[in-house]
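My notes follow, roughly in the order I looked things up.

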Amino acid sequence: MESDALWSIKNSLRIFFCSSLLLFFRDQASAQIRYSIPEEVKVGSVVGNIAKDLGIGMTSLIDRRFRIVSASKDAALFEVNPNNGELHVVGNIDREALCQGMSACLVELKIVVENPLEIHYAGVEITDVNDNSPVFPEKEQTFEIAEHTSSGTRFKLHAARDPDAGINSVQTYILTPNDQFEIDMRQSDDDKIPFLVLKKSLDREQKGEHLLVLTAVDGGKPRRSGTLNVSVIVLDINDNRPVFSQDIYHITIKENDPVGTAIIKVTAIDPDEGTNGEIEYSLGKTLGRNVYDIFELGSVSGEIKVKGRVDFEEAGVYKIDVQASDRGSPPLSTECRIIIKVVDLNDNPPHIEITSLSNTVSEEVKPGTGISLISVSDKDSDVNGKIIVGISKGVPFELKPSYKENIYSIVTKGFLDRETVSHYDITITATDCGEPPLSTFKTLRIHVTDVNDNSPFFLQNPLELYLLENNAAGASIFSVSASDNDLNENAAITYCLVRGGGQNDMASFLNVNSDNGHILALKTFDFETLKTFQFHVIATDSGTPSLSSNVTVNVFILDQNDNTPVILYPVNTNGSAEGVEEIPRNVAAGHLVTKVRAYDADIGYNGWLLYSMQEVKDHSLFGLDRYTGQIRTLRSFTETDEAEHKLVILVKDNGNVSLSATATVIVKVVEPKEAFAAADVKSAAGDKDDNHVIFYLMITLGSVSSLFLISIIVLLAMQCSKTTDYSSKHLQDPNYDGTLCHSIQYRSGDKRYMLVGPRMSIGSTIVPGSNGNTLVHPDRRLASGEVRFIYSITVV
């Protein structure tokens, strides 16, 4: 109990001293905490509060995974409490088993905390307790000493072994008091070897055997001891003992020398003759067990050979005692010591230990961020144990050495981009400096985690949509799609329309599916009302914070043949277009009877009108220009021709499914005098009717021209805003002959469209058989001198 109290006081003083040093040097990264405890301390005993000594907050121990990561079995004797940071003993500590007679016994602990990643070192010194008594290899030792042996002769006694260290090991030997012998000790390295010294010559006739007790005593408190019974048998004289050429032999061998290799041959000489001069060799009985397993000695030859595996990492030096004995009666013997130094070979590759590893790293980390701690070791010594560490090239990581040798951290040396490289395989190479060098490789796979650093993008901006008018309300008309180079939620895209809220904002008539980008039209579009409009779609990802981009969609409404031709002359009366024309009977062939006038709200082919006569009785009298609607006489009238002719004119547009209207013209043939009178009467009314017709034509012409100019301006603005090659969208018509003032073609998919403007030469007509896309000058001008405007979209 007293010794335990004393130890407790000493330990408290040590802990206080270590803690004071820690507080003084806590800002120095290279400081190492050291504790001291005695062996055989109780399991559960607290060594010290290592978290407090390191200055780590108690509340963060669990979150930072405060732990011991040392791989050695010695470190398993200790644990840290993650709740309070105390270092305590969890196993039975036997200093002799841990350090095997070493003067200093230190267990190194490696402590790791994370977030941020740190590594600390602590040393626990195991102090010796006098818990072992000296022990002799044998209980009894017998000497046969010839009488008349000269005084001062020395006989080597068995040395006692005490696993304890320092003062607790063997300090002295005590021999039973007697008149014939005394004890002398010789210091050999760390061992104290006892010798039995003859004080005066023996007389076998007086006493043939002496029984003595040798006691080995250590220096512990309380002291421990062990005894050896020594028997001395007095023999008749064999007065010469073998003599070695030298007392100590020094030799050097290489580790891994093959079994059977002869390393030395010792020779002893005995000047006696006969059996008294015959020598036998034997190994000393107090050697370590491993010596008998590794070496063997020829009893006659004195040659020492390798018997087992010589490993420098297990022992660098072997001390062998060889005894030479003659065959005299009694036999005489002597000893020599052979010190064998083992030369290290580079037979152990380096070892790589991953102390801590974060196998995922965010792509937004800054250069210099640590991701792993590694330690390397090599069992070889000197140059063979010197290690050069490197990592694979071409990766944005590098090694940073620690303040302690062979400890490294892997840190980022550049910025990471998951979209470029999603993971890295880092190969760590550890190569020693031996000859030949040995290497070890270990590969770490580091995954780069995604952050929302990429906005959604559209492959084309702006987009163009060509939509036929009269679309079904509520149906899908278009689809936009954006891409995002990020992953998972960072790449999950939703779509929405940009709504301006103004009166002309067409986005209010559209809706978009937020998940797939399908765009629905909530109304039916009419080409005659709206030719083109524009809206914007925003694509937004689901990252935090979210990123977005938008795309512009230019919509072009395409015309359908949904308007019936309207007869302007003859004027509609009660739902029918009917007019009466009177002409003199004496008119010549080619006389202009009248002209049927009509218009169509559609454009292009859908608004291109053709005229034809229906229900004609006499085809030889009147002719109709199918393009102008002019009715002319084909020949002069005869007396037999009827006085009244009914002409039914069919006006038909050129749509895929053509629409038509009819007009009826009644031609009355009168005598010349009557015709002149009627002409005077009609001239006044005709002037008024012509005024109405001209007014309607001007309104129609102005509307069509305005719509055309707006379309041209919009198209030119869109094309000028593009950076792509204009030749891919606007193609020059190879058949253009110069008669059109405005002609623009554009392509959508596999179709090509041509916009033909209204500014044309006076009297231009469309040549039949030209597919309706070429305008030329006729050979003659129209009699009326009118200007006809054509606005068409041609599908090629």
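**Confidence before anything else**

A contact here means heavy atoms within 4.5 Å. This is a predicted model, where local features need pLDDT of at least 70, side-chain atom pairs count only at pLDDT 80 or more, and totals for chains, interfaces and linings use all residues. Residues are numbered from 1 along each chain as its sequence is written, and side-chain values use heavy atoms, with hydrogens and water left out.

The protein chain averages a pLDDT of 79, and 82% of the residues score at least 70. Residues 1–31 have pLDDT below 50, with 18 contacts in the model beyond near neighbours in sequence. Where pLDDT is low, the predicted coordinates should not be read in detail. By element, I found the lowest mean pLDDT (31) in strand E52, residues 775–776, and the highest (93) in strand E46, residues 630–633.

**Whole chain**

I get 5 helices and 53 strands in the protein chain. Both are DSSP runs numbered from the N terminus: helices are H or I with at least four residues, strands are E with at least two.

How many of the 796 residues count as buried? The share is 44%. Buried means under 20% relative accessible area, exposed means over 50%, and partly exposed is in between (1.4 Å probe, protein chains only). The protein chain exposes about 41,800 Å², and carbon and sulfur atoms supply 52% of that. Those areas come from the Shrake-Rupley method with a 1.4 Å probe; for residues, only the protein chains shown count as cover.

I also looked at contact range: among contacts with a separation of 6 or more, residues 24 or more positions apart account for 65%.

**Rings**

I count 11 aromatic pairs, pairing rings of Phe, Tyr and Trp (its six-membered ring) if their centres lie within 6.5 Å. Ring pairs tie Phe525, Phe533 and Phe535 into a cluster.

Next I checked charges over rings, which need NZ of Lys or CZ of Arg within 6 Å of the ring centre and within 35 degrees of the ring normal. Lysine 531 sits over the face of phenylalanine 527, 4.4 Å from the ring centre. Arginine 597 does this over tyrosine 569, at 5.8 Å from the ring centre.

**Two threonines**

Threonine 440 is in strand E31 (residues 439–449). Is threonine 440 buried or exposed? Threonine 440 counts as buried because its relative accessibility is 18%. Its side chain reaches the backbone oxygen of proline 350 at 2.4 Å. I logged that as a polar contact, a pair of N or O atoms within 3.5 Å; within protein, one must be able to donate a hydrogen and the other to accept it, and residues adjacent in sequence count only if both atoms are side-chain atoms. Beyond four places in sequence, threonine 440 has contacts with Pro349, Pro350, Ile352, Ile428, Thr429 and Ala430.

Threonine 149 is in the loop between strand E8 (140–146) and strand E9 (154–156). With a relative accessible area of 15%, threonine 149 is buried. A polar atom of its side chain lies 2.4 Å from the backbone oxygen of alanine 146. Leaving out residues up to four places away, threonine 149 touches Phe155, Leu198 and Ser201.

**A strand valine**

Valine 580 belongs to strand E41 (residues 576–584) and is partly exposed, at 41% relative accessible area. Valine 665 is 85 residues from valine 580 in sequence, yet their C-alpha atoms are 5.7 Å apart.

I found a cis peptide bond between asparagine 115 and proline 116, omega about 5°. Proline 116 is in the loop between strand E6 (106–113) and strand E7 (118–127). Another cis bond joins asparagine 461 and proline 462, omega about 5°, with proline 462 in the loop between E31 and strand E32 (463–468).

Which phi does glutamate 40 have? Phi of glutamate 40 is positive, about 65°, although the residue is not a glycine. Glutamate 40 lies in the loop between strand E1 (33–38) and strand E2 (46–49) and is partly exposed at 37%. Aspartate 382, also not a glycine, has a positive phi near 50°. Its loop runs between strand E26 (370–377) and strand E27 (387–391), and aspartate 382 is exposed at 70%.

Key:
Rings of Phe, Tyr and Trp (its six-membered ring) pair if their centres lie within 6.5 Å; planes under 30 degrees apart count as stacked, over 60 as edge-to-face and the rest as tilted. pLDDT is the predictor's confidence in each residue, from 0 to 100.
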